[in-house]
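Thank you all for coming; I would like to take a few minutes to walk you through a structure that may be new to you. Please have the sequence and the model open while I talk.

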Amino acid sequence: AVAPETEEQYAERLFEDARRAARAGERLGERGWRTDAALAISNAFLGDVATAHQRAVAAVEGMPGDALASMQADDALGASDWSMSALLALFAQARQKSIANAVNGKKEWPAQWLADVHAARTVLARSPHGTPEQVAAHYDFLWALGARDQAGWALDLGLERFPDSPVLHDRLRGRLLAERGVEGLESYYAEKLAALDASPNLAWFAGYAAIVAAEFNRRLGRDEDAIRILGDAVTSLSAAARYRTAVEIHADLVDLQPENVDARRAWARCHAALGDHNRALAQLRRAARQLVDAGDWALAGEIYAEMLEVEPTCLDAHIGQAQALLNAGSVEQASDHYHRAGLLHRACGRAAEALPFFREAVEKRPGDAALLDEYCELLLVVGGDERETLAALNALVELRMERDEPAQAALTLTRILDLDPRYPGAKAILNEAAHELRCLAEESDEFTADEARAIVAKARAAAAASERDS
């Protein structure tokens with residue numbers, strides 16, 4: 001009936017059959033602890049809890065000898081069977097209810113009842129069919145009665161059996177706070193984490209304990225202690241690669257000290273380790289903004305560099321890094337980041353938005369012909385101020401000529417002549433370019449003869465038009 005593959009409706013029918021068979025046997029004279037056990041378990045699963053408790057007590061009390069004590073002393077006895085585990089759970093519930101009724105009614109009750117509960121729950125804690133919830137019920141019961149030593153023992157036994165149980169760690173935190181205070185809660189988990197045989201999941205429980213301890217300190221006005229506890233916790237969790245728990249604790253830590261740049265950076269690293277680049281960048285942006293507002297461009301540059309490690313195409317990181325480098329006097333490096341910002345805009349089809357960044361990049365690195373050529377192309381695409389375009393093209397022509405690249409200069413010159421047919425010195429440049437282009441067409445694959453002739457023809461036509469106009 002309790003097999004995982006058994007559907008609920010069929011399980012109910014099987015329990016009904018078991019109860020019917022036990023009752024029939026009882027009517028025929030088959031009495032004893034086994035019959036009581038069958039009726040206890042079947043009634044419990046069919047919803048008749050009162051009868052189940054009554055029969056469970058009768059079954060355990062009717063076992064030969066002191067069976068419960070024997071099972072408590074020997075883990076191999078009895079409780080390895082599912083039916084026996086279910087019976088003992090019902091028996092413990094029945095005894096606990098009887099004790100609670102007696103206490104509430106201010107009546108005397110036998111000490112043996114408590115011993116029975118403790119024995120049954122101990123056997124269940126060691127049983128393969130035991131559950132963390134049964135341990136928690138045992139602990140809660142003993143703690144409520146004031147039997148704290150026995151409750152602690154039961155909880156420790158349960159944690160050995162279920163080291164990763166949230167419900168048992170919840171009880172443990174309450175016990176540590178009650179017995180050792182906030183400092184004891186913190187030190188307990190620190191000691192357990194240092195153990196070689198620590199559970200891989202202990203870091204999560206230690207992290208949550210740190211949150212609890214920090215909250216207690218906050219309520220007492222001890223913010224510095226709370227910050228220390230949370231800081232130690234996130235350091236340990238990050239070292240153990242428990243980034244998800246560290247992220248949760250970082251939220252409390254930054255809430256306590258929102259101006260702490262290092263805390264935000266550490267929080268961002270945890271997000272990045274989890275692959276959450278957007279949240280990592282959000283924290284780094286806030287940290288960088290705080291530093292810029294404080295005028296600390298050197299450290300802000302480190303933050304922007306970290307942002308680019310997280311996301312190399314982060315636009316505002318390139319812009320921020322360029323500004324940080326300018327403040328540090330690294331003009332050419334700043335130009336490189338302005339250039340990348342412009343390229344990112346252009347890659348997204350935002351040519352007009354890219355223009356200011358290309359302009360900044362060229363101003364910071366005017367001798368870079370390739371960069372200037374890109375800038376000229378962008379100006380022609382955007383169709384902006386003609387004077388700015390002519391000035392850039394003119395600078396590119398002069399730069400090509402200074403480098404003895406008349407062929408490249410001629411290519412640029414044809415663009416200038418389209419915009420300004422009266423460009424001075426065009427004829428001399430074109431004559432020199434024509435010669436070089438012919439050589440290139442013969443000696444290299446850079447230009448074919450037809451391409452060279454076409455370029456020279458276009459340039460000469462533009463120059464001729466210029467002369468006629470003049």
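Let me begin with a term that we will need several times: a residue is called buried when its relative accessible area is under 20%, exposed when that value is over 50%, and partly exposed in between. Arg222, at 30% relative accessibility, therefore counts as partly exposed. Please keep in mind throughout that this is a predicted model.

Staying with Arg222 for a moment, its side chain meets that of Asp225 in a salt bridge, with 3.5 Å from N to O. Asp225 is likewise placed in the partly exposed class, because its relative accessibility is 29%.

How many salt bridges does the structure hold? There are 24 salt bridges, and I will pick out a few of them. In one, the side chains of Arg228 and Glu186 come together at 2.9 Å, again from N to O. This pair links distant parts of the chain, since Arg228 sits in helix α11, residues 223-239, while Glu186 sits in helix α9, residues 166-194, and the two are 42 residues apart. Arg228 is partly exposed, with a relative accessible area of 38%, and Glu186 is also counted as partly exposed, at 22%.

Another salt bridge joins the side chains of Asp385 and Arg387, at 3.8 Å from N to O. Here Asp385 is partly exposed, with a relative accessible area of 37%, whereas Arg387 reaches 68% and so counts as exposed. Finally on this topic, Asp140, Asp170, Arg171 and Arg173 are linked in a network of salt bridges.

The largest nonpolar core has 47 residues, and the members that touch the most others are Leu168, Leu172, Leu185 and Tyr189. The elements that each give two or more residues to this core are α6 (111-126), α7 (132-144), α8, α9, α10 (202-219), α11, α12 (243-256) and α13 (261-273). Which element supplies the largest share of this core? That is α10, with nine residues. If you look at Leu185, and set aside residues up to four places away in sequence, you will find that it touches Arg173, Leu176, Leu177, Ala209, Val212 and Ala213.

There is also a second, separate core of 28 residues, which includes Phe357, Leu371, Cys376 and Leu396. Two of those names, Phe357 and Leu371, come back when we look at His339, whose contacts beyond four places in sequence are Phe357, Phe358, Ala361, Arg365, Leu371 and Glu374. His339 itself lies in helix α17, residues 331-347. Is His339 buried or exposed? With a relative accessibility of 11%, His339 counts as buried, because the limit for that class is under 20%.

My last topic is the largest pocket, which has a volume of about 380 Å³. It is lined by 15 residues, and those closest to its centre are Leu159, Pro163, Tyr188, Lys192 and Leu202. Sorted by class, the lining is made up of seven nonpolar, two polar and six charged residues.

Definitions and conventions
Residues are numbered from 1 along each chain as its sequence is written. This is a predicted model: local features need pLDDT of at least 70, side-chain atom pairs count only at pLDDT 80 or more; totals for chains, interfaces and linings use all residues. Side-chain values use heavy atoms; hydrogens and water are left out. Helices (H or I, at least four residues) and strands (E, at least two) are DSSP runs, numbered from the N terminus. Buried means under 20% relative accessible area, exposed over 50%, partly exposed in between (1.4 Å probe, protein chains only). Contact means heavy atoms within 4.5 Å. A salt bridge is a side-chain nitrogen of Lys or Arg within 4 Å of a carboxyl oxygen of Asp or Glu. On a 1 Å grid over the protein atoms alone, a cavity is a set of points where a 1.4 Å probe fits but cannot get out, and a pocket is an open set with protein on both sides within 12 Å along at least five of seven lines; lining residues have an atom within 4 Å of a point. Grid points are joined across faces, edges and corners, and a volume is the space filled by probe spheres set on the points. Ala, Val, Leu, Ile, Met, Phe, Trp, Tyr, Cys and Pro count as nonpolar, Asp, Glu, Lys and Arg as charged, and the others, Gly among them, as polar. A nonpolar core is a set of buried Ala, Val, Leu, Ile, Met, Phe, Trp, Tyr and Cys residues joined through side-chain atoms within 4.5 Å.
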